[in-house]
Amino acid sequence: MGAVDAAIVTTQMMLETANLGLGTTWVGHFDPEAVVREFELPENIIPVAILPIGYPAEGAEPNPRHFERFELKDTVNFI
Ligand SMILES: Cc1cc2nc3c(=O)[nH]c(=O)nc-3n(C[C@H](O)[C@H](O)[C@H](O)COP(=O)(O)O)c2cc1C
C-alpha cells in the first residue's frame, strides 16, 4: 500500500499548498535513481512524486482542458 499512502500524502500536500496561496503540479515522470543521487537522499528512499511549488504568475489560468470531465459512468463502476 506504499504507493497508495504516497498518493494520499501528496494530494494533501497539494491541497495545503493551495491553501497557502501557492501553486504546484504533480510530477511523476522522472528517474527515481537520478533524484536520489542529485538530492543526496538516503539510498532506502524511493521518490514517487516531486512537487515544484511557487507563486502562480499573475493572470495564470488552468489549461482549458482542466475543466473537461469524463462522465461519472466512464470512471466508476456501479455494481
Ligand atoms: C499522478 C500524476 C503524475 C503527473 N506527472 C506529471 C509529470 O511528470 N510532468 C508534468 O508536467 N505533469 C505531471 N502531472 C500533472 C498533469 O499533467 C496535469 O497538469 C495536472 O494533473 C492538472 O490537470 P488538470 O488541469 O486536468 O487538473 C501529473 C499529474 C498526476 C495526477
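Predicted model: local features only at pLDDT ≥ 70, side-chain atom pairs only at ≥ 80, totals over all residues.
Modeller: Residues are numbered from 1 along each chain as its sequence is written.

Colleague: What makes the pattern of the chain α-β-α-β-α?

Modeller: Helices are DSSP runs of H or I with at least four residues, and strands are runs of E with at least two, numbered from the N terminus. The chain has three helices and two strands, and along the sequence they follow α-β-α-β-α.

Colleague: Why is the chain called more spread out than a compact globule?

Modeller: The globule rule is 2.2 Å times the number of residues to the power 0.38, and the radius of gyration is taken over C-alpha atoms. For 79 residues the rule gives 12 Å; the radius of gyration is 16 Å, well over that value, so the chain is more spread out than a compact globule.

Colleague: How do you know that H1 lies largely in the open?

Modeller: A residue is buried if 20 or more other C-beta atoms, placed from the backbone, lie within 10 Å of its own, exposed if 12 or fewer, and partly exposed in between. Of the 18 residues of H1, zero are buried, so H1 lies largely in the open. Of the 79 residues of the chain, 0% count as buried.

Colleague: What makes the span of H1 agree with expectation?

Modeller: The expected span is 1.5 Å times one less than the number of residues. For the 18 residues of H1 (residues 2-19) this is 26 Å, and the end C-alpha atoms are 26 Å apart, which agrees.
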